Amino acid sequence: MTGNGPDHSDDTDFANADRGLIARLEPGQVRDDSGRVVWDADAYGFLEGECPDSADPGLWRQSQLCSRQGLFEVTEGIYQIRGLDLSNMTLVEGDQGVLVIDPLISAEPARTGLELYRAHRGDRPVSGVIYSQSHVDHFGGVGGVTDGTVPILAPAGFMEHAVSENVYTGPAMARRGLFHTGSHLEAGPRGHIGVGLGLSRSSGTVTLIAPNRSITRTGQEEVVDGVRIVFQMTPGPEASTEMNFYFPEHRALCMAENATHNLHDILTLRAAPVRDARAWSRYLDESIALFANDSDVLFASHHWPTWGTDEIVAFLRQQRDLYAYLHDQTLRLINQGYVGMEIAEHLQLPPGLEREWHTRGYHGSVSHNVKAIYQRYMGWFDGNPAHLWEHPPEEAARRYVECMGGIDEVVRKADGYRDRGDLRFAATLLNHAVFTDPGHARARAALAGVYERLGFGSESGTWRNFYLQGAAELRRGKPDLPPTLGTGMAAALSVDQLFESVAIRVNGPKAWEEYFVIDWVFTDMDTTYRTTLSNGALTTREKPRRGEPDLTITLNKFRLLRLLAGKGTEGMSFSGDEQLLDRLLGLLDQPDPTFDIVTP
């Protein structure tokens with residue numbers, strides 16, 4: 001990096017990433033009960049070498065820092081497991097046991113991390129759990145550390161948000177997530193080197209235990225196993241429901257995922273609702289006012305801690321200004337008539353932020369964050385009538401290729417742009433060629449090569465993964481994906497959410513002429529849900545007050561889960577037209593977890 005970029009001679013981050021190391025996991029692999037490797041830190045040993053031509057130097061440096069793994073002391077009584085998953089698991093020692101904060105993505109790494117802690121700090125029982133927010137890397141491993149018979153604290157609305165994205169767009173987000181995390185790319189200098197926030201995500205058993213203590217307001221104090229905690233609610237920026245919290249007796253501040261050692265996403269490339277950059281900045285400012293000047297150490301659910309009051313205040317101020325600047329400058333330029341793509345092309349961070357390592361776009365990027373802010377305020381349409389009713393990609397591609405003289409000519413022109421260093425336009429041309437004829441071998445190979453070069457030059461880990469996964473699928477086809485909703489997550493869904501998961505699978509046109517009502521009587525909850533299929537829409541109401549159903553099904557939630565998993569109707573009783581259940585099930589589409597992305 002040159003110009004206003006960070007100082008490569010500054011090794012503070014490396015000192016902080018290594019500080020407090022007690023023990024590494026040796027070997028650095030985690031396996032499930034069948035012996036399958038669900039996490040392999042050792043696969044990233046190549047990061048100890050010099051940065052190759054196939055990686056951005058800043059991203060390589062970030063991945064080197066994220067590859068530090070093991071048990072670390074943050075401050076007296078607070079420890080972290082780092083480098084055993086995408087996120088960190090923090091352990092706070094109480095009077096009788098240990099509180100676990102954000103138990104990773106899957107149960108096996110969380111269990112292994114707890115065992116590593118106990119091997120060096122004693123066999124302390126888990127006396128409480130805190131979920132700092134609603135994304136899976138903050139709760140998915142809880143089944144590896146507790147059975148739920150301890151206080152489990154989470155921000156208000158946690159359960160709704162923790163499972164909703166797995167219901168509504170889970171299959172699509174899982175497919176996009178494969179590109180986002182690069183989880184099917186081989187680790188190596190020409191392949192997967194990380195995602196900025198961490199190395200990768202574990203592939204073990206995802207679990208969820210509902211919280212039993214809700215945090216509802218900033219300033220709320222709780223005591224768990226003798227540990228006093230003060231909370232700050234931060235809903236909306238990085239997660240729909242999230243909270244920072246402070247440990248007064250330790251002078252330690254946990255910033256969840258609201259302040260990390262890179263620019264985060266305003267809109268994650270795997271897809272999600274657009275986040276609020278303005279609120280993000282304001283919450284960070286509030287954190288400074290509430291806690292920073294009384295803190296000796298700041299830690300988070302990703303990356304390494306920051307020590308020293310002055311350093312903490314400076315770090316949070318710069319993070320605050322980062323999101324405020326992106327938000328305000330995007331809106332300033334919107335009001336001058338610029339569209340998202342134009343703003344993203346020209347907006348630069350001020351030198352005071354540009355030269356800080358922790359503001360760099362190793363996960364998010366200025367480019368896609370600016371477009372997300374534009375989308376939040378202005379929507380998908382940029383106001384140009386020509387963009388109001390454009391052809392979809394495959395139809396547009398055929399017309400572009402026809403105008404340019406056929407696929408072979410398009411590929412020839414793309415080769416010229418590639419050779420002149422304009423990889424972006426070469427990718428655009430070759431994408432049209434592939435969408436016109438996905439079987440055209442030369443077009444596929446050329447596009448894969450361009451994607452690979454774009455990936456090698458990407459500062460953002462997620463951009464790199466998207467490009468390299470795209471190249472891999474053009475060359476080798478799509479990988480198989482496991483089901484997106486494991487039993488641990490499915491069991492945590494409310495009955496409302498389960499029926500919503502059914503409603504979004506109804507094939508509307510096939511159901512246009514159907515009309516019937518089914519009552520579902522749940523014996524374990526002493527309640528009834530009524531589903532009505534009408535005009536292709538399945539709606540649900542609890543405790544219907546009037547009207548008779550066409551079919552009544554008596555069951556419990558476990559039986560409903562089995563039914564939706566395709567395991568039949570055993571243990572359910574029926575009154576009315578039993579065939580209606582088969583008709584309903586016959587109207588449901590199966591999600592496609594391997595739909596095409598880089599080909600039509």
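Here is a short walk through some strands, loops and helices of this structure.

The model is predicted, and local features are described only at pLDDT of at least 70, side-chain atom pairs count only at pLDDT 80 or more, and totals for chains, interfaces and linings use all residues. Residues are numbered from 1 along each chain as its sequence is written, and side-chain values use heavy atoms, with hydrogens and water left out.

Let us begin with strand β7. Helices (H or I, at least four residues) and strands (E, at least two) are DSSP runs, numbered from the N terminus. Strand β6 (residues 89-93) pairs with β7 in the antiparallel sense over four bridges; two strands count as paired if DSSP finds at least two bridges between them. The two strands form a hairpin, with four residues between β6 and β7. Leu-91 is the residue that stands opposite Val-100 in β7. Strand β8 (residues 126-130) also pairs with β7, in the parallel sense and over four bridges, and there the bridge partner of Val-100 is Val-129. Both faces of β7 are covered: Val-98 and Val-100 are buried on one side, Leu-99 and Ile-101 on the other. Buried here means under 20% relative accessible area, exposed means over 50%, and partly exposed lies in between (1.4 Å probe, protein chains only).

Leu-104 has a positive phi of about 60° although it is not a glycine. Most residues other than glycine have a negative phi, and most peptide bonds are trans. Leu-104 is buried, with a relative accessible area of 0%. Ala-256, in the loop between β14 (252-254) and α6 (277-290), has a positive phi of about 50° and is likewise not a glycine. Its relative accessible area is 0%, so Ala-256 counts as buried. For a cis peptide bond, look at Glu-26 and Pro-27, where omega is about -10°; Pro-27 sits in the loop between β1 (21-23) and β2 (29-31).

Next, visit helix α5 (residues 170-181), which contains Thr-181. Thr-181 is buried, with a relative accessible area of 14%. Leaving aside residues up to four places away in sequence, Thr-181 touches His-192, Val-195, Arg-201 and Asn-465, where contact means heavy atoms within 4.5 Å.

What about a residue in the open? Trp-389, in the loop between α10 (366-378) and α11 (393-403), is exposed, with a relative accessible area of 83%.

Finally, turn to an open sheet of five strands, with the order β19-β18-β17-β20-β21 and mixed pairing. Its edge strands are β19 (537-542) and β21 (573-576), each pairing on one side only. On average, neighbouring strands of this sheet are turned by 20° against each other, direction ignored; axes are lines fitted to C-alpha atoms, for helices over the stretch in contact, and angles run from 0 to 180 degrees between N-to-C directions. Strand β20 (residues 551-555) runs antiparallel to β21, joined to it by four bridges, and Ile-553 has Phe-574 in β21 as its bridge partner. Helix α18 (residues 557-564) lies across β17 (515-522) and β20, running at about 135° to β17. Helix α19 (residues 579-586) packs on the sheet as well, touching β17, β19, β20 and β21, and its direction makes about 105° with that of β17.
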